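I opened the notebook to look up a few contacts, chain by chain. The entries are in the order I made them.

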Amino acid sequence: MSELAIDRDIDRSHMTVSDEVAIQIDQMNKWFGTFHVLRDINLTVYRGERIVICGPSGSGKSTLIRCINRLEEHQAGTIMVDGTELSSDLKNIDKIRSEVGMCFQHFNLFPHLTILENCTLAPIWVRKTPKKEAEETAMHFLEKVKIPEQANKYPGQLSGGQQQRVAIARSLCMKPRIMLFDEPTSALDPEMIKEVLDTMIELAEEGMTMLCVTHEMGFAQAVANRVIFMDQGQIVEQNEPKEFFNNPQSDRTKLFLSQILGH
Amino acid sequence: MSDTNAQSVGFVRDKMLPESAPPTLERGVVKWIRENLFSSVLNSVLTLGSIYVIYWIVAHLYPWLANSVWSASSLNECREIRDATVGPGVPSACFAVITDRWEQLLFGFYPNDAYWRPVMALVAFLVAIAPVLFVSLPRKLLWFSAASPFVMFSLLWGGSIWGPITVAVGFGVGYAAFVLLGRVAGALVSVLGSIIAPVLFWMFLAGPIAGALTAVAPIGLPFVESRSFGGFTLSVIIGVSGIVLSMPLGILLALGRQSDLFIINKVSVAFIEVIRGVPLIVWLFTAQLILGYFLPPGTTFDLTLRVIIMVTLFSSAYIAEVVRGGLAALPKGQYEGADSLGLDYWQSMRLIILPQALKISIPGIVNTFIGLFKDTTLVVFIGLFDPIGLSNAIRASTDWNGIYWELFVFIGLLFFIFCYSMGRYSLFLERKLQRENR
């Protein structure tokens, strides 16, 4: 875990944070059975923000972003995504899910479909896009993640890094307004981490609202406008990256940073 | 370079060796036999033992088959022919019973002049099943597949064609209800509507409409009663209907068993466990005796149809468990991947989950189908004339009293052809899918 793995210039011209609220989380609590995983989470994400969430394992960071598209259900408090409240109403859930893209640690590509079919599936069935148009969009985003030549292969024939880039392209095909990343590089070999991070940086440069759970502190320093540190299901500290890394306030944050940046 | 070589290399080859063959004992048939049959003492003993057993079986079977009599009108005549040709007491099969009675074994008591109807129904079935089994065939054929149950019914049972057509229209009514209600109401309402509307249609409208149409235009083949059905035709009708109907039902039950909805979950579990926990023969007796009590008085409910329903329910419980295994084998990430893209439940099941789960379940599903097909012979116990039942009937005649093996060999061969084909298709499908998404 190097301090600054990002060795390229970042184009910040489109990285602007507006005052429009994208996600509003109020007093949100979640339990797994009797285990209190998320406690009194309050978080407002503005359009255009790039937020990195870090913390020790089991601190609830993955659970937090999985609550935002209701892969996990919260038991108390409210979550508003693009002005729609997440409740048990299935229509709202499907609407939010189609507007919020998500990338997983293990990619979760569909192994029985080609790369192109993976990318066109949701636009065709959820957005009712005509097949031809969906394929054009898919090829556009596959070119963006630099693997258009793999379009007719199956996920199993691609490397981990390529699969994760396909997963990003698959989410982008739905033209999401918010992207969630759940440890996108944790299952990858070091040389593949870079290609995925590059793709994520390009996305940030275009002004995408992003919430990333990641241990890539280099990425956080280079791209994020806010870093959130979580421990024991609570937000312990949040700050802009420079302050967060150079001048952490809480003892827990200091300990965490010394552990992951120390070597 | 040359200096260092001269000092460090102690050996330089000046002549290349020609390619040569391996020693005699290490090549071709000799090598294969040595390695596979006589690699150790134990292996050699087993090989010799097996060869003896095979010899023993062939030595007993061969004369029986080689001296077989193919044309005679009774078992006694068979024996006389044998005595005259190969001598008394020599083992000899009397396949004359097959040449004499094969039509009965295949078609039961179906009218002689209408044998073409089951044959055409079989052809229709093969054409209908082809596009389902082989994706490379034109997709338009699937329209015929959808119509084929009604075509086959009209061919086999005959009667006015308006009956099957109004039943088919009922499915159209269900689909229309699904689409129309889907526009104005929620998903649940449209699903319920798509079930209730056709049932109401069939109960109250289908009969009068079919009757009226028949009065106006009486088209159709002569009606054949279910009682006349028998032989291998009956086995195939029950087996194929059971297979085709139990597949969707089994998938729904498997999904129900996985469902979070309490009632649906418990109903599915109870159904599967009850059906699976009771022998098929008991369900067949139930079909024969009890099902009548549940139906409104005065309804005559065909016994063959009852058997088909029972066999379908029985094998759908097994299919459900096999498919559930496939569903459980899928990583949770597949469900989450589908959810995160905004696919609704039925979309994610149809497009993502089931294609993968069914692929995993293919061997188990085909295994269940083979079992189901062979279990159709149990209907002999409730008085239907399947091939086994007919073999009893044939033996009951004075001509063929006392003949067993020849009939069973023939019946066994028929079943074997069907079951072996299913097994081979399953292997073909597995290999194809493995190749496709490696």
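**Entry 1: the model.** I note first that this is a predicted model. Every value below is computed from it.

**Entry 2: the interface.** I began with the contact between the two chains. Chain B brings 21 residues to it and chain A brings 25 residues. I read a buried area between chain B and chain A of about 2,000 Å². Carbon and sulfur atoms give 58% of that area.

Entry 3: I found 1 salt bridge between chain B and chain A. The side chain of E336(B) meets that of R66(A) in a salt bridge, with N to O at 2.6 Å. I looked up which elements of chain B give two or more residues to the side that touches chain A. These are α15 (332–340) and α16 (345–375). The most comes from α15(B), with 8 residues. By type, I sorted the chain B side into 6 nonpolar, 8 polar and 7 charged residues. For polar contacts between the two chains, I noted 6 residue pairs, both residues at pLDDT 80 or more.

**Entry 4: salt bridges overall.** I then took the count over all chains, which comes to 26 salt bridges. In chain A I picked E195(A) and R165(A), whose closest N and O atoms are 3.0 Å apart. This pair links distant parts of the chain. E195(A) is in helix α6 (residues 190–205) and R165(A) is in helix α5 (residues 160–172), 30 residues apart. Are these two residues buried or partly exposed? R165(A) counts as buried, because its relative accessibility is 9% and the cut-off is under 20%. E195(A) is partly exposed, with a relative accessible area of 24%.

Entry 5: I moved on to R257(B) and E321(B), whose side chains meet in a salt bridge at 2.7 Å, N to O. R257(B) lies in helix α10 (residues 231–258) and E321(B) in helix α14 (residues 303–329), so the pair ties together parts 64 residues apart in sequence. R257(B) is buried at 18% relative accessibility. E321(B) is buried too, with a relative accessible area of 15%. I also found E321(B) in a salt bridge with R324(B), at 3.1 Å, N to O. E321(B) and R324(B) are about one helical turn apart, because they are 3 residues apart in helix α14 of chain B. R324(B) is partly exposed, at 32%. I wrote down the network of salt bridges as R257(B), E273(B), R276(B), E321(B) and R324(B).

**Entry 6: a serine.** R257(B) turned up again when I checked S268(B), being one of its contacts beyond four places in sequence. S268(B) sits in helix α11 (residues 262–276) of chain B. S268(B) is buried, with a relative accessible area of 5%. What does its side chain reach? I found the backbone oxygen of I264(B), at 2.8 Å.

**Entry 7: one helix.** Last, I looked at helix α12 (residues 280–289) of chain B. Here L280(B), W283(B), L284(B), T286(B) and A287(B) are buried. They cover an arc of only 155° around the axis, so they are on the same side of α12(B).

Technical notes: Residues numbered from 1 in each chain as written. Chains lettered and ligands numbered in written order. Predicted model: local features only at pLDDT ≥ 70, side-chain atom pairs only at ≥ 80, totals over all residues. Heavy atoms only, no water. Helix = DSSP H or I, 4+ residues; strand = E, 2+ residues; numbered from the N terminus. Buried < 20%, exposed > 50% of the residue type's maximum accessible area, 1.4 Å probe, protein only. Polar contact = N/O pair within 3.5 Å; in protein donor to acceptor, adjacent residues only side chain to side chain. Contact = heavy atoms within 4.5 Å. Buried area = accessible area lost by both parts, 1.4 Å probe. Salt bridge = Lys/Arg side-chain N within 4 Å of Asp/Glu carboxyl O. Nonpolar A, V, L, I, M, F, W, Y, C, P; charged D, E, K, R; others polar. Arc of directions from axis to C-beta.
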